[in-house]
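The sequence and structure come first, and the text follows.

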Amino acid sequence: MNFSDRYSRQILFPGIGPEGQRKLAHSRVTIVGCGATGACVSSLLARAGVGFLRIIDRDYVESSNLQRQVLFDEADAAESLPKAVAAARKISAFNSEVRVQPEVADLTPENIEALLENADLLLDATDNFETRYLINDFAVKYQRPWIYAAAVAAYGVTMNVLPGETACLSCVFPSAPQGTVATCDTAGILNAAVNWVGSIQAAEAMKFLTGNKDNLRRTLLSFDLWSNERAEVAAGHPRPGCPTCDQHGYVYLAGKGRAQITLCGRNSVQIHERQRPVDFREMTARLEPHGVVKHNSFVLKFWREPYELTLFPDGRAIIKGTTDTAVARSLYARFIGS
């Protein structure tokens, strides 16, 4: 394959060179999520010449995505195209040499092995900790490297996970955040923040794929682009006693860490999230810009057409207006957090 023209400026970089470019061309990367971070890192890796990208996303393009999700345009939003499909189309338009496999799916314990198989590297571009712990379980169990990345408001955070060498997600975060957490739909998001974290993630991915493992960062890195606060936490070694990488307890892979979801009467889905205390006053303030909210001591109601979400003090919710469990999970993650 002749790389001399398209990738000439990248090949000039000593860390890559002709041999590194050949390695990129033969690499296989799976990206879980194609919102803001996923769109950024997919675009960068495709433009860099990574040979195969599998893009997994359960959602579709909306006009509110266009402020930060760089692979999409107004036509995609007007068609409500699935994000994975829209991303594949855009990538094929600017680099037809890259093979893109779009998967319109919600990553679950039941389908994770089929969706993540045969990848050299896994990239997290999701919007919830439940899916990240699921990826972590799979990666640790099957010794697959992955890169964690997240962004909300002006804040971004990322960490490389090399199973058996570095800390895994459970080493650094032994349990998911309790209570409600900020999401892009409730706290907002700067496009610069997601592109910052996506760029860091893409650079680390290219180090790994070109065989430059010694240059990989072995810390949890975070940065707030608005306040200019920066932090790094050592993550170079597994934590003794870690329930995942030391004790090999893959609870999310077994489905035990996943909120149970059931159909609940006509056109409704119930999410049995437990032990997650919700402050109704705080939640009301967060949701009011996005729809109609009412609450008393026992229940909070949130209306966002065409859906109605009923939230209970322990985190359980009933989402009316759909029988699609993937839609219900997406709405819960967007507005309540997960």
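Leucine 300 has leucine 311, in strand 13, as its bridge partner. The structure is a predicted model: local features need pLDDT of at least 70, side-chain atom pairs count only at pLDDT 80 or more, and totals for chains, interfaces and linings use all residues. Residues are numbered from 1 along each chain as its sequence is written, and side-chain values use heavy atoms, with hydrogens and water left out.

The pairing of strand 12 with strand 13 is antiparallel and has five bridges. (Two strands pair if DSSP finds at least two bridges between them; helices, H or I of at least four residues, and strands, E of at least two, are DSSP runs numbered from the N terminus.) The hairpin from strand 12 to strand 13 passes through two residues. Proline 306 is in the loop between these strands, and a cis peptide bond with omega of about 5° links glutamate 305 to proline 306.

Strand 12 also runs antiparallel to strand 11 (residues 292–295), with four bridges between them. Here lysine 294 is opposite lysine 301 of strand 12. The hairpin that connects strand 11 to strand 12 has four residues.

| Strand pair | Sense | Bridges |
|---|---|---|
| Strand 11 and strand 12 | antiparallel | four bridges |
| Strand 12 and strand 13 | antiparallel | five bridges |
| Strand 4 and strand 5 | parallel | two bridges |

An open sheet is built from eight strands in the order 3-2-1-4-5-6-7-8, with mixed pairing. Its edges are strand 3 (99–104) and strand 8 (230–234), each of which pairs on one side only. On average, neighbouring strands of this sheet are turned by 15° against each other, direction ignored. (Axes are lines fitted to C-alpha atoms, for helices over the stretch in contact, and angles run from 0 to 180 degrees between N-to-C directions.)

Helix 5 (residues 83–94) packs on the sheet and touches strand 2 and strand 3, where contact means heavy atoms within 4.5 Å. The direction of helix 5 makes about 165° with that of strand 3. Helix 10 (residues 191–209) lies across strand 1, strand 4, strand 5, strand 6 and strand 7, and runs at about 170° to strand 5.

Strand 4 covers residues 121–124 and pairs with strand 5 in the parallel sense. Leucine 123 has isoleucine 147 of strand 5 as its bridge partner. Asparagine 118 lies in the loop between helix 6 (112–116) and strand 4; although not a glycine, asparagine 118 has a positive phi of about 60°.

The structure has 16 salt bridges, each a side-chain nitrogen of Lys or Arg within 4 Å of a carboxyl oxygen of Asp or Glu. One of them joins lysine 90 and aspartate 73, with the closest N and O atoms 3.3 Å apart. Because lysine 90 is in helix 5 and aspartate 73 in the loop between strand 2 and helix 4 (74–79), the pair ties together parts that are 17 residues apart in sequence.

**Pocket and cavities**

Where is empty space left? Rolling a probe the size of a water molecule over the atoms shows this. On a 1 Å grid over the protein atoms alone, a cavity is a set of points where a 1.4 Å probe fits but cannot get out, and a pocket is an open set with protein on both sides within 12 Å along at least five of seven lines; lining residues have an atom within 4 Å of a point. Grid points are joined across faces, edges and corners, and a volume is the space filled by probe spheres set on the points.

The volume of the largest pocket is about 1,100 Å³. It is lined by 50 residues, of which Thr126, Asp127, Asn128, Ala151 and Cys184 are the closest to its centre. Elements that give two or more residues to this lining include helix 3 (36–48), helix 7 (129–142), strand 6 (155–161) and helix 12 (325–335). Strand 5 gives the largest share, five residues. By class, the lining of the largest pocket has 23 nonpolar, 15 polar and twelve charged residues. (Ala, Val, Leu, Ile, Met, Phe, Trp, Tyr, Cys and Pro count as nonpolar, Asp, Glu, Lys and Arg as charged, and the others, Gly among them, as polar.)

Three cavities of 30 Å³ or more are found in the whole structure. The second largest cavity holds about 60 Å³. Its lining residues include Phe302, Arg304, Tyr307 and Glu308, and strand 13 provides the largest share, three residues. Six residues of this lining are nonpolar, none polar and two charged.
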